Amino acid sequence: MSIEIRNIKKEFGSFTALGNVSLDVPSGELVALLGPSGCGKTTLLRIIAGLETPDSGSIHFHGEEATNRDVRERQVGFVFQHYALFRHMTVFENVAFGLRVRPKKTRPSDAEIHRRVHQLLSLVQLDWLADRYPPQLSGGQRQRIALARALAVEPKVLLLDEPFGALDAKVRKDLRRWLRRLHDELHITSVFVTHDQEEALEVADRIVVMNQGKIEQIGSPQEVYDNPASPFVYKFLGNVNQFYSRVDQGQAHIGNIALNLNEHHTVQNSDALAYVRPHDIDIYTEQNGHPALQAVVSYIHAAGPLVRLELQPVNEADIIEAEITRERFRELGIDQGSHVYLRPRSVQVFLEGNTSNAA
Ligand SMILES: Nc1ncnc2c1ncn2[C@@H]1O[C@H](COP(=O)(O)OP(=O)(O)OP(=O)(O)O)[C@@H](O)[C@H]1O
């Protein structure tokens, strides 16, 4: 079932939590709402669920107006960060709950409930825990059971609010892969709230980046990562270095370095902010006649597959972060305090006046 969100506004007192948000979630997609704390993700999710009413705007499920439809009629399943399971019920009964409370007319038989619950427990790979009680489960197991419980009522839409937020990094990573596989199997239209960019990039078909009650960009993980629409998105989706630059006829000038751009060919001498990802910076120990920025290596983080360098430019205050392979690091033979030359390999610029969204 697709979801169409049109011009949603929501205020809490004088605070605008959502200012005119529109979004289409195509049927069967897994969409992540990504943004910093307080940007309105949960409010939007609660409005889709029917747990919150918008001040204006409308929600449609598969083209049908649902703005005033009761939460129970929306056929949505929820998984929240702390969606406490019923402590006094077994895992089996927790998952069966949504089916048992149905009106008699639509309630499945005991045998059918038994079949369906075991099918769902197999799906989340926890059939062997059916007789346990929630306090006897790990956090990750509890969230998988919460998901099985949400799926039991065969929702048309699945809404997940930071479902793995309370779990440690390793379990979180396993569960997000597992959720992706599950979604590929079931294809239920799903909206997933997270403030973790890595999680959104790994799990979602599409990412909706939000900031201060507004949508900054909608796109596939690769689109938003490779072509951020604003400085905010650039900074939010990973580490980035910011340089003051001048754009002139398709070239960005940073210090004495000129870099070719794919755009801005007709722009003349405009101030701009230039953004460079740490892995897009080349480092040399000799200048070799090419324009470069001079810097001193101020810190080396060598744990992990890449070596991260903090570089103090000679003429500027802001530290530059660079990432190079271990092999390149060995080739360079540099230490803390070494003098180096650096040159951005690729850059994205936002012209002065287009940078108001910078975080
Ligand atoms: N019932 C409420 N009354 C007043 N303000 C609220 C209410 N619910 C949310 N807000 C405010 O609206 C803003 C958006 O909240 P929301 O929970 O949607 O943010 P979020 O992006 O989900 O953040 P987080 O990641 O921290 O959960 C916040 O500033 C929050 O304080």
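In which segment is Ser-2 found? Ser-2 belongs to the segment before β1, the strand that covers residues 3–12. Please keep in mind throughout that this is a predicted model.

Is Ser-2 buried or exposed? Its relative accessible area is 12%. Since the cut-off for buried is under 20%, Ser-2 therefore counts as buried. The side chain of Ser-2 also has a partner: a polar contact of 2.6 Å links it to the side chain of Glu-4.

Let me turn to the ligand. Which residues surround the ligand? The shell consists of Phe-12, Phe-15, Ala-17, Pro-36, Ser-37, Gly-38, Cys-39, Gly-40, Lys-41, Thr-42 and Thr-43. Sorted by class, 5 of these residues are nonpolar, 5 are polar and 1 is charged.

For Cys-39, a backbone N or O atom lies 3.1 Å from an oxygen atom of the ligand. For Gly-40, a polar backbone atom is 3.0 Å from an oxygen atom of the ligand. For Lys-41, the atom concerned is an N or O atom in the side chain, and the distance to an oxygen atom of the ligand is 2.9 Å.

How much of the ligand does the protein bury? The ligand taken alone exposes 630 Å², and the protein buries 58% of that area. Two elements, β2 (15–25) and α1 (41–49), each give two or more residues to the shell. The largest share comes from α1, with 3 residues.

I come now to the sheet. What is the order of its strands? This is an open sheet of 5 strands, arranged β13-β12-β11-β14-β20, and the pairing is antiparallel. At the edges are β13 (257–260) and β20 (348–351), each of which pairs on one side only. On average, neighbouring strands of this sheet are turned by 40 degrees against each other, with direction ignored.

How many bridges join β11 to β14? There are 7 bridges between β11, residues 241–248, and β14, residues 270–276, and these two strands run antiparallel. Within this pair, Tyr-244 stands opposite Leu-273 of β14.

Thank you for your attention.

Technical notes: Residues are numbered from 1 along each chain as its sequence is written. This is a predicted model: local features need pLDDT of at least 70, side-chain atom pairs count only at pLDDT 80 or more; totals for chains, interfaces and linings use all residues. Side-chain values use heavy atoms; hydrogens and water are left out. Two strands pair if DSSP finds at least two bridges between them. Helices (H or I, at least four residues) and strands (E, at least two) are DSSP runs, numbered from the N terminus. Axes are lines fitted to C-alpha atoms, for helices over the stretch in contact, and angles run from 0 to 180 degrees between N-to-C directions. A residue is near a molecule or strand if one of its heavy atoms lies within 4 Å of it. A polar contact is a pair of N or O atoms within 3.5 Å; within protein, one must be able to donate a hydrogen and the other to accept it, and residues adjacent in sequence count only if both atoms are side-chain atoms. Accessible areas come from the Shrake-Rupley method with a 1.4 Å probe; for residues, only the protein chains shown count as cover. Ala, Val, Leu, Ile, Met, Phe, Trp, Tyr, Cys and Pro count as nonpolar, Asp, Glu, Lys and Arg as charged, and the others, Gly among them, as polar. Buried means under 20% relative accessible area, exposed over 50%, partly exposed in between (1.4 Å probe, protein chains only).
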